[in-house]
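Subject: A structure for you to explore

Hi there,

Here is the structure I promised to pass on to you. Have a look around first, and then read on for what turned up.

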Amino acid sequence: MDTAVLEYAVDEEAGVLDIQHTRTPPEMRGQGVAEKLCDAAFEHARGASLRVLPSCSYVSDRYLPKH
């Protein structure tokens, strides 16, 4: 796979966007690709008035402490 992916689920009733997994191919790592995917997901959540559930370890362990 040569595409970076952010997998998520939206629970409209609860108003939650659950970021479940980020996947970045080895040749794209270290370039901020996962961070950009997360930036877009959080921007979408803000625009849709959704809370974010960071199920993905990258989001909870690396992205959120930095942001």
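To start with, which residues of helix 2 (residues 57-66) are buried? They are Tyr 58, Val 59 and Tyr 63. Please keep in mind that this is a predicted model.

Now try looking down the axis of helix 2: its buried residues fall within an arc of 80 degrees, so they line one face of the helix. A general rule is handy here: an α-helix has 3.6 residues a turn, so residues three or four places apart point the same way. On the face turned away from the buried side of helix 2 you will find the exposed residues Asp 61 and Pro 65. And what covers the buried residues? The cover includes strand 2 (16-23), helix 1 (33-47) and strand 3 (51-54).

Three strands make up an open sheet, in the order 1-2-3, and their pairing is mixed. Strand 1 (5-11) and strand 3 are at the edges with a single partner strand each, so one side of each has no neighbour in the sheet. From one strand to the next, the twist averages 30 degrees. Strand 2 and strand 3 pair in the parallel sense, over four bridges.

Leaving aside residues up to four places away in sequence, Ile 19 touches a list of others, among them Leu 6, Tyr 8, Ala 41, Phe 42, Val 52, Cys 56 and Val 59. Ser 55 is also one of the residues that Ile 19 touches. Along the sequence Ile 19 and Ser 55 are 36 residues apart, but in space their C-alpha atoms are 5.7 Å apart.

Last, the cysteines. How many disulfides does the structure hold? The count is zero. Cys 38 is in no disulfide, and the nearest cysteine sulfur, which belongs to Cys 56, is 6.5 Å away. A disulfide would need the two sulfur atoms within 2.5 Å. Cys 56 is likewise in no disulfide, with the sulfur of Cys 38 as its nearest cysteine sulfur. Cys 38 is buried, with a relative accessible area of 0%, and Cys 56 also counts as buried, at 4% relative accessibility.

Enjoy exploring, and write back with any questions!

Best wishes

Notes:
Residues are numbered from 1 along each chain as its sequence is written. This is a predicted model: local features need pLDDT of at least 70, side-chain atom pairs count only at pLDDT 80 or more; totals for chains, interfaces and linings use all residues. Side-chain values use heavy atoms; hydrogens and water are left out. Buried means under 20% relative accessible area, exposed over 50%, partly exposed in between (1.4 Å probe, protein chains only). Helices (H or I, at least four residues) and strands (E, at least two) are DSSP runs, numbered from the N terminus. The arc is that of the directions from the helix axis to the C-beta atoms. Contact means heavy atoms within 4.5 Å. Two strands pair if DSSP finds at least two bridges between them. Axes are lines fitted to C-alpha atoms, for helices over the stretch in contact, and angles run from 0 to 180 degrees between N-to-C directions.
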